[in-house]
Amino acid sequence: MADKTKAELEDAIQKKLLSNPMYDSLVQYFKHFAPGGKIASVYFSEDISCLVCGIKYGAVHLYFDVYVENTGAINTMVFDFREVFDHLVAKVEKQDHGYGSDFETFVYDMIRQTGFEGRNLCLFKEYQDQQSDDKEKYCALGVCLIDYEDSEFNPVTPWAGVLNKVLYALDALTENEFNKLKKEDVDRAGTFFALPYWSAMIAGYVAILGGILLIAVNKAWPAFLNWILGIILILAGLLCGPNLTWFILRHNKEYRTTTGDVEKDFIKPSKFIFTTLED
């Protein structure tokens, strides 16, 4: 019973977080559009929730933890460069990733290369993520999204600008040219609707057509029954078909112009949960 209650609570929290297009776009991107995308929940809570995301970088993955406020605002992204460093820089597995190591120097180089402002930068000398089995403490770069803006992507997806800047910095330091975020893919994630929406919309139009055919063509049943059932099908179809079509088109327009419900539901991060370099 306790496990069921916990699962129901986490589902409710997740649903609330997804109402913010900032969080929803990130989830949809890493589920459906990111090259080699990986996403998993670490924990959901009524205060701060945490996800771990991964994107393909060459033959390896770049992983990062995403800390999310209870409004669905992405607060901080903490990057784990260990796999990239081990395979593409040191080219030896199981390096020392702690204080005073070559890996720490690499993280400092990343800080300089990315060019984030001090008010957005967090440096973790002994970061321990919630996911790894080895519980290793390592040097990590964090980016706080409070007051962070990026003109390359939609205003409701600032996380995309942060991640892309990190990927470009990795290219510069590892002398590679691997995948970057494409704005069209991020926008597709921001306007993504799952299969149940499309299924319901198609079913609505089928119901409308079925209702019309029932009234106009069916001769096997009494006319009054055809009319009653036909009108019921048409009304039900109108609720699902044209109504959902209008909702999807409206959402796409509002996302691209950041107006309407998208503007209303987009809530920015509001509190510092980690110390930044400016503090």
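A charge sits over a ring if NZ of Lys or CZ of Arg is within 6 Å of the ring centre and within 35 degrees of the ring normal. In this predicted model, the charged end of Arg82 meets that rule over the ring of Tyr138, 3.8 Å from its centre. Lys180 gives another case, with its charged end over the ring of Tyr168 at 5.1 Å from the centre.

Confidence comes next. The average pLDDT of the protein is 88, and 95% of the residues score at least 70. Strand β4 (residues 74–80) has the highest mean, 97, while helix α7 (residues 195–216) has the lowest, 79.

In soluble globular proteins, nonpolar side chains tend to be buried together. Here the largest nonpolar core holds 66 residues, and Phe81 and Trp159 touch the most other members. Helix α5 (residues 158–174) contributes the most to this core, eight residues. Among the residues that Trp159 touches are Met22, Tyr29, Phe30, Ile74 and Leu181.

Because Phe30 lies in helix α2 and Phe64 in strand β3 (residues 60–69), the pair ties together parts 34 residues apart in sequence. Phe30 and Phe64 are both buried. One aromatic cluster includes Tyr29, Phe30, Phe64, Phe81 and Trp159.

Conventions: Residues numbered from 1 in each chain as written. Predicted model: local features only at pLDDT ≥ 70, side-chain atom pairs only at ≥ 80, totals over all residues. Heavy atoms only, no water. Core = buried A, V, L, I, M, F, W, Y, C linked by side-chain atoms within 4.5 Å. Buried < 20%, exposed > 50% of the residue type's maximum accessible area, 1.4 Å probe, protein only. Helix = DSSP H or I, 4+ residues; strand = E, 2+ residues; numbered from the N terminus. Contact = heavy atoms within 4.5 Å. pLDDT = per-residue confidence, 0-100. Phe/Tyr/Trp six-rings, centres within 6.5 Å; stacked < 30°, edge-to-face > 60°. Lists of a residue's contacts leave out its neighbours within four places in sequence.
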